[in-house]
Amino acid sequence: MAMRILKSFLFLVVMLLNTALADDQNTSLINADKSVYVNLLKTLKESKVSNDEIALQKVLLEKLIDTLPSNVTKSVLNSPENLDEYSTLFNRYIDDAIKKDSLAKKIKSIDTKIKSLTKEIKSLDSNTTSERTLQLQSALYTKSLQEFKDQNEMIANEMLSLEKILSESLKNILFDPENQAKKTAAIQEEASKLRATIDNFLVRKERFELLGDTRDRGVSTAAISSKEDAYNKALRATISSLFLEFSSALKVKDEKAFALEKNMLDCALTLENANVIKEAMATLLHGMEKNYFGTINTITGTTTQEFKTIFKTVWLMFSEPLFTVNGTPIATFKLILALLIFLIGVFGGGFYKASIKKIANNSKSINQATRTILANLGYYIIIITAFFIALNVLGIDLSSIALVAGALSVGIGFGLQNIVSNLVSGIILMFERSIKIGDFVELSDTLRGHVFDIRMRSTTLNTNGNIDVIVPNRNFIENNVINWTMHDKIKRFDIPFGVAYGTKPEHVIEVLINAVEKRAYGDVMNTPEKYTNVLMTGMGSSSVDFMLQVWIHGEEILAPSKTISRFLILIYNTLNEHGIKIPFPQHDLHIKSIDENVRFSLDSKEKRTESPS
């Protein structure tokens with residue numbers, strides 16, 4: 001009976017303790033020593049009350065007892081005396097970084113749980129069994145949080161010590177750069193082989209799975225996992241070997257250390273916890289570089305290495321093929337380079353053309369036609385050459401283009417025959433020189449003008465009205481073309497006119513020849529071969545027809561309408577002065593018969609007209 005009363009009293013004490021701690025669970029339970037948890041656990045075990053909450057409280061108390069005390073001992077680090085010890089310290093630094101990251105994640109997780117429990121406790125009513133359970137759970141989390149923080153701080157301090165030891169002991173370590181580089185290459189080759197083996201295992205395993213073959217053929221999950229472990233170890237060994245090369249270069253202040261640093265960081269990206277390892281190594285390596293190279297040189301070297309990395313990345317990006325032409329991959333860089341070469345050809349051709357024109361303008365021995373031929377031919381040769389060089393840069397086989405062009409020749413012949421015809425005609429005009437720049441040509445009664453430019457496809461004519469007319473070159477080859485200035489600027493103008501019947505032809509010829517001579521035009525020629533003449537050309541229905549023939553030289557022949565107008569005015573005034581009539585068309589109407597009704601109507605009208613009003 002006394003024992004039962006004692007147990008009830010102890011249970012009451014526990015409940016009262018729970019009530020007292022309701023407002024501040026983080027003080028009493030967290031700061032309690034092991035004896036408090038032991039007594040609470042003993043009381044709960046002796047109590048007859050049994051439910052899930054009590055059971056959970058017992059488990060939490062047992063864990064709280066087991067976690068105490070938290071003793072984090074600091075390990076002793078010694079300076080390395082050889083390469084193996086030096087490499088071991090480096091690997092320990094990496095392992096510490098991984099542990100530190102894992103602890104940081106645990107601390108963050110536990111801190112979140114404690115905050116959640118605190119909110120939950122505040123939302124509960126006081127003096128409840130659930131509140132006590134949450135308080136014990138929060139106490140356990142808080143104890144664990146403190147332990148993890150202590151471990152995290154210890155590892156952080158150890159990493160700082162390792163950074164200092166690795167940096168300071170570097171000068172006392174003997175390195176063999178040549179053998180170390182060979183060792184690194186051998187380890188990298190081993191890692192590459194393991195990676196290839198893993199990939200092969202994965203492919204074979206997938207193939208067997210697709211076939212439904214479940215037998216172990218050496219590519220089981222365990223076998224692949226074993227190879228992956230070996231691969232990760234090889235990667236770690238590669239990084240360690242690169243670190244020794246880095247340290248060797250750093251010791252003699254060789255800037256090769258920056259490139260080795262970049263290789264180490266790139267290699268770390270293939271490991272588990274890649275970002276953690278890379279960040280830790282970057283901190284260690286930058287610190288060592290600052291100690292040996294100085295801050296400015298370290299920043300310069302790192303920046304240079306970053307630029308190289310960016311350039312390499314951009315280069316790889318531009319080297320990726322965009323599309324394929326006849327089995328040849330076309331990369332972005334090749335496409336840009338080919339376009340640049342072609343543009344250089346276009347601008348180079350334009351510069352050549354302008355230079356030739358400038359030289360021709362300053363030279364009296366090069367005429368305008370020769371200048372045009374040299375300029376245009378050179379321009380097109382440069383462009384065509386640049387085009388084929390661009391194709392060669394792209395890696396396109398010109399023989400394959402020839403085959404395609406041969407296959408499409410019929411279609412090209414029909415679809416582009418006019419363009420090809422004009423191109424060929426342009427080449428013919430340039431070499432034949434039947435039409436030159438500056439020539440005055442006539443294609444029809446309504447189209448005549450100076451040749452302003454001859455291109456591969458067309459020729460530009462500038463009319464006397466200052467209108468530029470683009471004429472396809474084939475028109476100059478296939479049709480009749482009058483070149484007024486092909487050899488010289490001499491042309492005979494034939495000006496027709498007529499006089500009335502009854503006029504003496506000799507008189508007409510005499511007065512007109514005298515009138516031309518009297519005017520003494522400076523552009524009218526008068527030689528035994530080329531002289532002014534008037535010819536009777538026919539007897540028309542209304543006039544006697546004549547033609548005035550005058551030979552003109554000089555620029556006046558390039559304005560035929562103006563020249564003809566001048567002589568038509570001369571003819572008109574001369575004939576008028578000499579009383580020679582210029583007839584106009586006349587027609588006589590003879591009536592052989594007339595209808596009687598029409599005759600009667602006409603007679604009646606005539607009588608009415610004659611009768612007095």
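Is K105 buried or exposed? I looked up its relative accessibility, which is 54%, so K105 counts as exposed, the cut-off being over 50%. The model I am working from is predicted.

Entry, salt bridges overall. I took the count for the model and got 13 salt bridges.

Entry, helix 5. I followed K105 to its partner and found a salt bridge with the side chain of D101, at 3.4 Å from N to O. Both residues belong to helix 5, which covers residues 83-123. They sit four residues apart, about one turn of the helix. I noted D101 as partly exposed, since its relative accessibility is 21%.

Entry, helix 7. Here I looked at R195 and D199, whose side chains form a salt bridge with an N to O distance of 3.1 Å. Helix 7 runs over residues 177-211 and holds both of them, again four residues apart, or about one turn.

Entry, helix 9. I checked K262 against D266 and found their side chains in a salt bridge at 2.5 Å, N to O. The two lie in helix 9 (residues 256-268), with a spacing of four residues, about one turn of the helix. Which class does K262 fall into at 16% relative accessibility? K262 counts as buried, because buried means under 20%.

Methods: Residues are numbered from 1 along each chain as its sequence is written. This is a predicted model: local features need pLDDT of at least 70, side-chain atom pairs count only at pLDDT 80 or more; totals for chains, interfaces and linings use all residues. Side-chain values use heavy atoms; hydrogens and water are left out. A salt bridge is a side-chain nitrogen of Lys or Arg within 4 Å of a carboxyl oxygen of Asp or Glu. Buried means under 20% relative accessible area, exposed over 50%, partly exposed in between (1.4 Å probe, protein chains only).
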